[in-house]
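Work through these exercises with the sequence and the model at hand. Each task is followed by its solution.

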Amino acid sequence: MSTDTRSDDGGFGLTSPLNWLETQSEEVYAYVLLAPAFLLLAVVAFYPLIETFRFSLLANELAAADPFGEFVGLDNYVALLTGNTPFTQQFVAVSLAEGFPFIQFDAPFLQQAIFVTLAFAIISVLFETTIGFGQALVLDKDFYGRRWVRVSIIIPWAIPIVIQGMIFFLMFNPTIGFGTDFMQWLGVFGSNPLSSSTDAFIIVLVADIWKTTAFMALLILAGLQSIDRGLYDVAKVSGASPWQRFKYITLPLVAPALLVAMLFRTMDAMRIYGLIDATAGCETVPSLTCLVIISLESSRRWATASAVAFLTAVVISGFVVAYLLALRNSNGGVA
Amino acid sequence: MSDRRVDDAEPTAVADGGVAEGSAGGQPALDETADEPELDRGLIEAWAAKMISNPDRAYRATFYVATIFFLVTTLFPFYWLLMVALTPRGSLSDVGVLTPGGFNPIAFIEIFQMLPFHRYVFNSFLIATIATVAVLLVGSLAGYVFGRLRFRGRNVLLLAVLVTSFFPPAAFFIPLNRLFNRNVDALRPLISDGSLYNTPYAIFIPLSAIFLPLSIFILMTFYSQIPDGLEDAARVEGTTRLGALFRVIVPLSAPGVATAGVLTFISVYNEYFFSSLMTDGRPGSWAPMLEGILRFQGEFEVLFNLMAAASIVAVLPVAILVIVAQEKIVSGLTSGAVKE
């Protein structure tokens, strides 16, 4: 498979394929130029996606050399959704139930993962949008040192996930970090927040908001700067207060850019894995992607892992469709 | 403006009339030095009165407070990380919020002695560079086609590119993992055991594909803005179609290419999912930088100060890249999204 990829753009420097290309129609030329991109996408995205779905319909084979057994249809999905999949980490449910009042003691692991992922995505995107809007409004002003303020706001977005995790891992480490003491002083956290599900969830949330708010800010800033400044002058002359200018000009005009930014962030937030793995660990805060890795590595249930992976994709596409509908409505409203 | 100020000032002057009357001669002077509050007002009260009489000042104050708040919240974690890195191992529990628990920068040397951390960083750099080159090459061809050519199926193909960026990496991982662990005889001359696991290929092939859509969108935007006449002129001069692309269109869109390159490099360097799963974590197996940092969680003792020092070393390249190329990052992120 992968050998094909390389040999494809191998004919690059040769003259005869180039001459052949010159004589073809624009349409053929277009398809030829698209071939490398689609070969890459086919090998890494399209083919694996189909394979993942096929794997998810096979049985788990725990002992044999090949981890997949015979065709079992939708059994893996049924077992997952009814909570009958025996995850080795099932005991985690106990510590989860202590931490999360809203999770039942015997809730199936998958439901916990879906809950954690959705809660994380929704809460983080809401906070990031609000704070990012604030940052965008600051960056939209022209002031001395704006360049440097912008750099320092972008930097958290550009750092590796493992380092983001490391910062918050150290900060909330009971021995060296000040975060635990501070939160305990507020009366919120327990003595070792990174091993308690609720506390660790909040830490992961804060870490994500710290890092990715800048992304929201930049996208919203682009929306802000596309607004015609003349509108503000007109509003000023008619005596609108800055708050009114924000409410009646900025907000409606920036709404499409805002929704696009939120769509991107939500998709990204629902893939959360690295941050959790580097701070609290997948057993403490199980997201959907975590569940894929747990069922793959610790219990060798490849078929179940495939089913979880495919379900994750389904949940995300559900969100995408909802957003696209909202986006279309908001465009219709403006036009 | 001044009318309103008088209106605001008058009721208060009446309210604490006793004092105001005592300095009756000063009453006209109040208008001239209107920014000064009456003498008997408390500091906060006076400040509030100023804000009410002059809302613009209130908005400006909010602006400065917000700016400082954002600066502190984004930069403080890095400062604190440095404090941890500078603390000697014995006194790590003394790290304060603003001060280190001692001073010993030896951690920045120890990270290279205890583990070949430089090798991990090199691996990351190599993988990110190869992925960037691959994405720019493949993405240039695709971006050119989507940005400048008309052909049947354009929208369907563009949608297919977009859709791949919706799916979580986990949905691709299991088949890829099997594929890369399989021993392919054709690869034996290149790689000792014939499987791609534990080679840079296992990381940069998936990551190139995953970050390809963003680059295609960025390059598409930039390429479509080049006037047709320039390309036609080059063709009349006798260049081939591909020659026109790489000699005229790509150089003219240099800012766009740089943008796509910077974003791809940062994304690959920062990636966690494939980077942590496609190697066994040894530096000789092309494990990237993140494995190096996590390795300082040693078997007997967690080396907090070394983790912090390693994080600072690994963050420096991207931090410098952001400072140098911030305009590119901003324009790239926004054009990639607006295209949607």
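**Exercise 1.** Which residues in α10(B) meet which residues in α13(B)?

*Solution.* This is a predicted model: local features need pLDDT of at least 70, side-chain atom pairs count only at pLDDT 80 or more, and totals for chains, interfaces and linings use all residues. Residues are numbered from 1 along each chain as its sequence is written, while chains are lettered from A and ligands numbered from 1 in the order in which they are written.

Step 1. Take contact as C-beta atoms, placed from the backbone, within 7 Å.

Step 2. From α10(B) come B:Leu207, B:Phe211, B:Leu214, B:Ser215, B:Ile218, B:Leu219, B:Thr221 and B:Phe222. They meet B:Gly256, B:Val257, B:Thr259, B:Ala260, B:Leu263, B:Thr264, B:Ser267 and B:Val268 of α13(B).

Step 3. Sort this contact by class: 10 nonpolar, 6 polar and no charged residues. Ala, Val, Leu, Ile, Met, Phe, Trp, Tyr, Cys and Pro count as nonpolar, Asp, Glu, Lys and Arg as charged, and the others, Gly among them, as polar.

**Exercise 2.** Describe how α10(B) and α13(B) pack.

*Solution.* Step 1. Helix α10 spans residues 200-224 of chain B, and helix α13 spans residues 254-270 of chain B. Helices are DSSP runs (H or I, at least four residues), numbered from the N terminus.

Step 1. The angle is about 160°, with the axes 9 Å apart. The two helices are therefore roughly antiparallel (angles over 145 degrees).

How values were computed. Axes fitted to C-alpha atoms, helices over the stretch in contact; angles between N-to-C directions. Parallel < 35°, antiparallel > 145°, perpendicular 65-115°, else oblique. Contact = placed C-beta atoms within 7 Å.
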